[in-house]
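This briefing goes through a set of residues, ring contacts and a pocket, grouped by topic. Please keep the sequence and the structure at hand while reading.

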Amino acid sequence: MAAEDVEAGRCAWEAFTSMSDPEEVGALAASWDPDVEYVEDPKWPGAASFRGYEAVSARFGEYLEDLGASAELVLEDVRETPQGLVSLVRARGTSPSGLPFDHVWGYRFRMRDGRVVWFRAYLDPDEALGTREG
């Protein structure tokens, strides 16, 4: 795996974690391939897959609305594993209904021409890292 992919991936995930408003999702166009595919963890109720920048960015806009204005996204790590590239993203804050949350998500992802072309969410970051089977 090229070191450039790891660095480009880190930049893409830093752009992702800098969002705090659903209107900012458009800023990810430079980091995501136009044909990007996103796969939600099948453990998530109603999990689905989304293809294309418009569909994926719309889904992430929904996530930001659900998490609320206090949500903070923190990039904890981007690393190469035997299964591919993985990012670890912490989401924390208080939902609009007042429920606090703090969770680390794992994302396996692939790059093409310096952009994220595919990624899959994992509720259990150890599954994304390949240290635990799902």
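Predicted model: local features only at pLDDT ≥ 70, side-chain atom pairs only at ≥ 80, totals over all residues.

Leaving aside residues up to four places away in sequence, Ser57 touches Val25 and Trp32.

**Ser57**
- Ser57 belongs to helix α2, which covers residues 53–67.
- Its relative accessible area is 10%, so Ser57 is buried, the cut-off being under 20%.
- A polar atom of the Ser57 side chain lies 3.2 Å from the backbone oxygen of Glu54.

**Largest pocket**
- The volume of the largest pocket is about 440 Å³.
- Its lining consists of 21 residues, and those nearest the centre of the pocket are Trp44, Tyr63, Leu67, Ala91 and Trp105.
- Two or more lining residues come from each of α2, β4 (84–94) and β5.
- Helix α2 gives the most to the lining, with six residues.

**Aromatic pairs**
- The structure holds 18 aromatic pairs.
- In one of these, Phe16 and Tyr107 have ring centres 6.3 Å apart and planes at 70°, so the pair counts as edge-to-face.
- This pair links distant parts of the chain, with Phe16 in helix α1 (residues 3–17) and Tyr107 in strand β5 (residues 100–112), 91 residues apart.
- Both Phe16 and Tyr107 are buried.

**Arginines over rings**
- Arg110 lies over the face of Trp118, and the distance to the ring centre is 4.2 Å.
- Arg120 has its charged end over the ring of Tyr122, at 3.9 Å from the centre of that ring.

**Arg108**
- Arg108 is placed in strand β5.
- Arg108 counts as buried because its relative accessibility is 18%, and the class requires under 20%.
- Not counting residues up to four places away in sequence, Arg108 touches Gln83, Leu85, Val86, Trp118, Phe119, Arg120, Tyr122, Glu127, Ala128 and Gly130.
- Among these contacts are Trp118, Arg120 and Tyr122; Trp118 is also the ring under Arg110, while Arg120 and Tyr122 form the other charge-over-ring arrangement.

**Ser18**
- Ser18 is found in the loop between α1 and β1 (32–39).
- The side chain of Ser18 reaches the backbone oxygen of Ala15 at 2.7 Å.
- Ser18 and Glu72 are 54 residues apart in sequence, and their C-alpha atoms are 8.5 Å apart in space.

**Asp113**
- Asp113 sits in the loop between β5 and β6 (115–122).
- Its phi is positive, at about 55°, although Asp113 is not a glycine.
- Most residues other than glycine have a negative phi.
- The relative accessibility of Asp113 is 75%, so this residue counts as exposed, being over 50%.

Notes: Residues numbered from 1 in each chain as written. Heavy atoms only, no water. Helix = DSSP H or I, 4+ residues; strand = E, 2+ residues; numbered from the N terminus. Buried < 20%, exposed > 50% of the residue type's maximum accessible area, 1.4 Å probe, protein only. Polar contact = N/O pair within 3.5 Å; in protein donor to acceptor, adjacent residues only side chain to side chain. Contact = heavy atoms within 4.5 Å. Phe/Tyr/Trp six-rings, centres within 6.5 Å; stacked < 30°, edge-to-face > 60°. Lys NZ or Arg CZ within 6 Å of the ring centre and 35° of its normal. 1 Å grid on protein atoms, 1.4 Å probe; cavity = no way out; pocket = protein on both sides within 12 Å on 5 of 7 lines; lining within 4 Å. Points joined across faces, edges and corners; volume = space filled by probe spheres on them.
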